[in-house]
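Me: I would like to learn how to read some local features of a model. Could we go through them one at a time?

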Amino acid sequence: METEAGRFGAHGETIALRALEAMIDAQRLPHALLISGPEGIGKHELALKIAQGVVCGAQRPPCGDCRPCRRIFDPEHRHEPIRHTDVALVQPGGICAVNDHDHSRSRTVGICQIRWVERVTSIKPFEGPNRVVIVDPADALTGDAADAFLKTLEEPPLGVYFVLLSARESLLSETIRSRCRALRLAPLNQQRTEAWLRERLPDLDGAAIRQLARQSRGRVGWLDQELAEGDPLAIRAAQIDELLRLADASRADRLAAAEQLAGRGGQSGPQALDDLLLMLGAWIDWWRDLWLARVGETQRVVHSTLSQSVEAQAARYAPEQISRFLQTLQRTRRYLRNGVNTRLALEAMLLRIPVGQPPGATAAAHGA
Ligand SMILES: [Zn+2]
Ligand SMILES: [Zn+2]
């Protein structure tokens, strides 16, 4: 049934999520669940739905609409923090057991935060029989914190459910992973993403649907968030405009841009880093499009709504320039994921944007 499949969103049809659904309904959810998958796939949204499944006072499946459900996630106030007393989010910059600690610039989950978890989970839940603790991302746990957390996972307090999230599962210790039931979210294929989009946005034309689906690379969690916040096509167009501006900007302007972008990345931990990685993904898409246009494969470009601009820009660069800069972009993304100095990595990248022919120059040269 369509409505049933929608319970965990577009991923709900997978066998793993069907099984999870049944476990929640039967009140047999594993005490530790590890949800992994690439950035933007929808891990956090899924964790919130699981939390609703555990604490919804109204019914099974959870309604999403009662007071407890809305205090976990309210579609009308998407940026509100969780306000349910029995559902905790443990994240870099989050609450810890020591009063005067300031974690606001932290990128890790420290041991003092795990001490807080221990304290909270040792108390009976306030509203119902159960409590949910979401750790996002679990790969941000420091070594000490992971060791302490392992003890909690080994003997989970009664009625407490831990949901760990990670886009970088390989960074998690084997001992933590072995204590959790694993659930991997994979991107949807192009066809299913387009189908999901057509259902959501029946008025959108084919080129726009195709671009959005390709832009998302099948990560419907990201799409869902983007659509809720505005117009992802317009946001993408603005990201590309910024990139085009930088391609023709002075060295000083590029350095200033690197500093500004790095500031954004350093400000509030992994979430901002993920945003930076998503932006880099947009730029990689764009330069790959230039490559495709250059080799005559225009039907495969991501930016199908900007195809004229893709072709005009592609004509400005030699194929080797494009492929070399693509490698630079990919290397930069790898560096950022590995936690190198954000500003230095962005500076090096922006200074390597190749110098192209002035816009229209090649066309004029060929045309006249
Ligand atoms: Zn509910
Ligand atoms: Zn602390």
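**Reading the features**

Reply: We can start with Thr342, which, neighbours within four places in sequence left aside, is in contact with Arg107, Ala262, Leu276 and Leu336. Keep in mind throughout that the model is predicted.

Me: Where does Thr342 lie, and is Thr342 buried or exposed?

Reply: Thr342 lies in helix H16, which spans residues 342–351. The relative accessible area of Thr342 is 10%, and buried means under 20%, so Thr342 is buried.

Me: Which residues coordinate the zinc ion (ligand 2)?

Reply: The zinc ion (ligand 2) is coordinated by Cys96 through SG, His101 through ND1, His103 through NE2 and Cys112 through SG, at 2.0 to 2.3 Å. In sequence the spacing of these donor residues is C-x4-H-x1-H-x8-C. The angles among the 4 donor atoms are 102 to 116 degrees, and the site of the zinc ion (ligand 2) is tetrahedral.

Me: Next, helix packing. At what angle do H9 and H11 pack?

Reply: Read the angle together with the distance between the axes. Helix H9 (residues 206–216) and helix H11 (residues 232–247) pack at about 70 degrees, and their axes are 10 Å apart. Angles of 65 to 115 degrees count as roughly perpendicular, so H9 and H11 are roughly perpendicular to each other. The crossing of H9 and H11 is left-handed. The residues that meet are Ala208, Gln211, Leu212 and Gln215 in H9 and Pro232, Leu233 and Arg236 in H11.

Me: How do H8 and H9 pack?

Reply: Helix H8 (residues 190–200) packs with H9 at an angle of about 125 degrees, and their axes are 9 Å apart. That angle makes H8 oblique to H9. This crossing is right-handed. From H8, Gln190, Thr193, Glu194, Leu197 and Arg198 meet Ile209, Arg210, Leu212, Ala213, Arg214 and Ser216 of H9. Leu212 is also listed among the H9 residues that meet H11.

Me: Now the backbone. What is the phi of Gln27, and what is the phi of Arg217?

Reply: Gln27 is not a glycine, and its phi is positive, near 55 degrees. Gln27 is in the loop between helix H2 (15–25) and strand S1 (32–36), and is exposed, with a relative accessible area of 54%. Arg217, also not a glycine, has a positive phi of about 45 degrees. Arg217 is in the loop between H9 and helix H10 (220–229), and counts as partly exposed at 36% relative accessibility.

Me: Is the peptide bond from Asp136 to Pro137 cis or trans?

Reply: Omega is the angle to read. For the bond from Asp136 to Pro137 omega is near -5 degrees, and the bond is cis. Pro137 sits in the loop between strand S3 (131–135) and helix H6 (143–154).

Me: Last, which residues is Gly159 in contact with, leaving aside its neighbours within four places in sequence?

Reply: With those neighbours set aside, the contacts of Gly159 are His31, Pro129, Asn130 and Arg131. Gly159 is in the loop between H6 and strand S4 (160–166), and counts as buried at 9% relative accessibility. Between Gly159 and Pro125 there are 8.4 Å from C-alpha to C-alpha, with the two 34 residues apart in sequence.

Conventions: Residues are numbered from 1 along each chain as its sequence is written. Chains are lettered from A and ligands numbered from 1 in the order in which they are written. This is a predicted model: local features need pLDDT of at least 70, side-chain atom pairs count only at pLDDT 80 or more; totals for chains, interfaces and linings use all residues. Side-chain values use heavy atoms; hydrogens and water are left out. Donors are N, O and S atoms within 2.8 Å of the metal (3.2 Å for Na, K and Ca); water is not among the atoms, so sites may look incomplete. Four donors count as tetrahedral if all angles lie between 85 and 135 degrees; four count as square planar and six as octahedral if opposite donors are over 155 degrees apart and all others between 65 and 115; anything else is irregular. Axes are lines fitted to C-alpha atoms, for helices over the stretch in contact, and angles run from 0 to 180 degrees between N-to-C directions. Helices (H or I, at least four residues) and strands (E, at least two) are DSSP runs, numbered from the N terminus. Angles under 35 degrees count as roughly parallel, over 145 as roughly antiparallel, 65 to 115 as roughly perpendicular and the rest as oblique. A crossing is left-handed if the near helix is turned anticlockwise from the far one by less than a right angle, and right-handed if clockwise. Contact means heavy atoms within 4.5 Å. Buried means under 20% relative accessible area, exposed over 50%, partly exposed in between (1.4 Å probe, protein chains only).
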